[in-house]
Amino acid sequence: MLKALAQKKYNYIRVAPLPHFVLGLCIGMVVTLAWLAAEFYRDGHSWGFITSAAIAMSWVTGAFFSVADIISRYREYLRIRKMLVDKGYSDKIFKAVATSRCQRDAALWAARQAGYGCLAKKVYHRLGYRWYHVMPDMLVRNPFRIFTPKFLRTAFKPGKRVSDEK
């Protein structure tokens with residue numbers, strides 16, 4: 001029982017290492033800025049307090065999106081692992097989630113768990129992805145696409161994509 005719970009927590013961290021790192025950074029910044037805001041408040045510097053509190057709130061927003069990304073990647077990991085176990089290996093599975101580093105990490109961990117880790121790495125290597133390709137392909141082409149509903153939907157709602165053409 002305890003070993004299964006520990007394995008689940010380990011998988012949860014391994015599925016999304018980059019968002020977990022960003023979450024830790026955000027939490028560290030929130031704590032530091034909250035301490036700084038408290039010091040400003042104690043010393044009577046209202047402008048410093050307001051500024052520190054506002055910046056801390058922006059880091060809270062970053063932490064919120066990191067948690068949302070972690071949950072999405074874990075759900076994607078479960079979905080991909082189930083497909084690999086039920087249907088076996090297919091390049092299509094990995095090509096469908098090749099556009100972002102976080103999705104590739106989740107897919108690679110699912111493949112490793114299902115026994116197809118080397119094959120999945122070869123697919124991404126053939127597609128030209130390396131360890132330093134961190135930004136999603138869509139954002140590399142146009143950084144302002146992060147504010148579009150389509151990007152948010154594809155980033156935080158894993159699953160089958162419904163085509164916009166009918």
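**Close-up 1. The salt bridge between arginine 73 and glutamate 76 in the predicted model.** Arginine 73 and glutamate 76 are joined by a salt bridge in which the closest N and O atoms are 2.5 Å apart. Both residues belong to helix H3, and because they lie three residues apart there, about one helical turn separates them. A search of the whole structure finds eight salt bridges.

**Close-up 2. The packing of helix H2 against helix H3.** Helix H2, which covers residues 17-43, packs with helix H3, which covers residues 46-87, at an angle of about 160 degrees, and their axes are 8 Å apart. Since angles over 145 degrees count as roughly antiparallel, H2 and H3 are therefore described as roughly antiparallel to each other. The crossing that H2 and H3 make is left-handed, and the contact of H2 with H3 comprises, by class, 21 nonpolar, five polar and one charged residues.

**Close-up 3. The largest pocket and its lining.** The largest pocket holds about 900 Å³ of space and is lined by 33 residues, of which Asp69, Pro136, Leu139, Phe151 and Ala155 lie nearest its centre. At least two residues of this lining come from each of H2, H3, helix H5 (101-114), helix H7 (137-141) and helix H8 (149-156), and H3 gives the most, with six residues. Sorted by class, the lining of the largest pocket has 21 nonpolar residues, together with six polar and six charged ones.

Methods:
Residues are numbered from 1 along each chain as its sequence is written. This is a predicted model: local features need pLDDT of at least 70, side-chain atom pairs count only at pLDDT 80 or more; totals for chains, interfaces and linings use all residues. Side-chain values use heavy atoms; hydrogens and water are left out. Axes are lines fitted to C-alpha atoms, for helices over the stretch in contact, and angles run from 0 to 180 degrees between N-to-C directions. Helices (H or I, at least four residues) and strands (E, at least two) are DSSP runs, numbered from the N terminus. Angles under 35 degrees count as roughly parallel, over 145 as roughly antiparallel, 65 to 115 as roughly perpendicular and the rest as oblique. A crossing is left-handed if the near helix is turned anticlockwise from the far one by less than a right angle, and right-handed if clockwise. Ala, Val, Leu, Ile, Met, Phe, Trp, Tyr, Cys and Pro count as nonpolar, Asp, Glu, Lys and Arg as charged, and the others, Gly among them, as polar. On a 1 Å grid over the protein atoms alone, a cavity is a set of points where a 1.4 Å probe fits but cannot get out, and a pocket is an open set with protein on both sides within 12 Å along at least five of seven lines; lining residues have an atom within 4 Å of a point. Grid points are joined across faces, edges and corners, and a volume is the space filled by probe spheres set on the points. A salt bridge is a side-chain nitrogen of Lys or Arg within 4 Å of a carboxyl oxygen of Asp or Glu.
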